[in-house]
Amino acid sequence: MPPRLPPLSALRLFEAAGRHQSFKRAAAELHLTPSAVSHGIVGLEQSLGIALFARSPQGLSLTPEGVDYLAYVTEAFSLLMTGTRRLPTRDTARAIALTCAPTLASRWLLPRLHRFTQRMPDVDVTLDTSRRQVGFPTDGFDFAIRLSRAPVAADTWHRLFGEQFLPVCSPAYRAEHADAHGNIDLQVVTRIHVSSASEDWQGWIEGAGIDDFDARGGLSFDSIQLAFDAAIMGLGVVIGRRPLVDEYLASGALVPAHDVTTTSQGAYWLICADDIEPHPACVAFRDWVIAEAADAARLP
């Protein structure tokens, strides 16, 4: 007698927990409690008669059997999602699901999104700003916009634009700390850091070719937007990431704290699911984002 397949709901818990290596993060993704995920995994392990996870004080990890099983479960969910998304629908339009980093979403995407909605008013757009790794097509996203250092040779990856680093601060902070020639000694000011972006100060220092600069110390925040807000409030100098900081520079809320702009090693990419071609709305959204990025790159 062939073995019975476990319930699909239990396999979904396992796929999310295995991908995140965390019951807590899987629960947040699936809108469940960590306890519910843990109990579901235990039930799955009992039905299979094998341990899928190793629990220890250091955290959660897949057993060798769990690693092997996760590959099959992930592929199965991908096939199910692909088949479901390729089913014909009554409407030619469909909702578009996009995941994007929060600061890029608020500072670059949202100010432009009205141009797409005006062009295609019947298309719904869902935006997710979590930083989690995306699995196409299992997670149900059509697109992801992500920062990546290395170019990816894939038809589904489209380079949008690179980043430039520029130290910025509020006009009042510059006026208070500038010398008679209008220069700021960045080694004595309060430096604002982004804990999730390790390439901020050090990347600018290396690009500017400055020696003997110790950028440690100051204020640290877990998001670029909070760091920008702190600089606007006059708390110190932050590395502005262009184009994310461009609107603040244009409005005068932030001003350059140094005359050197350096180029980051990373770039923003639009990553597409493999199955968007049969859906005109998705194709139109992809082409629109690429065109918007090209227009932005031509601006001074």
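**Notebook: loops, helices and a buried strand**

I began with glutamine 21, which is partly exposed at a relative accessible area of 32%. For this term I used the following cut-offs: buried is under 20% relative accessible area, exposed is over 50%, and partly exposed lies in between, with a 1.4 Å probe and protein chains only.

I noted the basis of the entries. The model is predicted, so that local features need pLDDT of at least 70 and side-chain atom pairs count only at pLDDT 80 or more, whereas totals for chains, interfaces and linings use all residues. Residues are numbered from 1 along each chain as its sequence is written, and side-chain values use heavy atoms, with hydrogens and water left out.

**Entry 1: the whole protein**

I recorded 10 helices and 11 strands in the protein; helices (H or I, at least four residues) and strands (E, at least two) are DSSP runs, numbered from the N terminus. Along the principal axes, the C-alpha atoms fill a box of roughly 85 × 50 × 30 Å. Of the 300 residues, 42% are buried. I also looked at contacts (heavy atoms within 4.5 Å): of those with a separation of 6 or more, 73% join residues 24 or more positions apart.

**Entry 2: the annotated span**

In the UniProt record, an unreviewed entry, I found "domain: HTH lysR-type" over residues 6–63. Its positions are given in the numbering used here, feature names are shortened, and annotations may be inferred rather than shown by experiment. The span is 62% helix and 14% strand, and its end C-alpha atoms lie 18 Å apart.

I returned to glutamine 21, which sits in the loop between α1 (8–20) and α2. Its phi is positive, about 55°, although the residue is not a glycine. Histidine 31, in the loop between α2 and α3, likewise is not a glycine and has a positive phi, near 60°. Histidine 31 counts as exposed because its relative accessibility is 73%.

At what angle do α2 and α3 pack? I found about 110° between α2 (residues 23–30) and α3 (residues 34–48), with the axes 8 Å apart. Therefore α2 is roughly perpendicular to α3. Phe23, Lys24, Ala26 and Ala27 of α2 make the contact with Pro34, Val37, Ser38 and Ile41 of α3. These residues divide into 6 nonpolar, 1 polar and 1 charged.

Terms for this entry: axes are lines fitted to C-alpha atoms, for helices over the stretch in contact, and angles run from 0 to 180 degrees between N-to-C directions. Roughly perpendicular covers 65 to 115 degrees, with under 35 roughly parallel, over 145 roughly antiparallel and the rest oblique. Ala, Val, Leu, Ile, Met, Phe, Trp, Tyr, Cys and Pro count as nonpolar, Asp, Glu, Lys and Arg as charged, and the others, Gly among them, as polar.

**Entry 3: glutamine 58**

I located glutamine 58 in the loop between β1 (53–56) and β2 (59–62). At 73% relative accessibility, glutamine 58 counts as exposed.

Strands pair if DSSP finds at least two bridges between them. With β8 (residues 219–221), β7 pairs in the parallel sense over 3 bridges, and histidine 193 has serine 220 as its bridge partner. With β9 (residues 237–242), β7 pairs in the parallel sense over 2 bridges, and arginine 191 stands opposite valine 237.

Lastly, I noted a cis peptide bond between arginine 242 and proline 243, with omega about 20°. Proline 243 lies in the loop between β9 and α9 (246–251).
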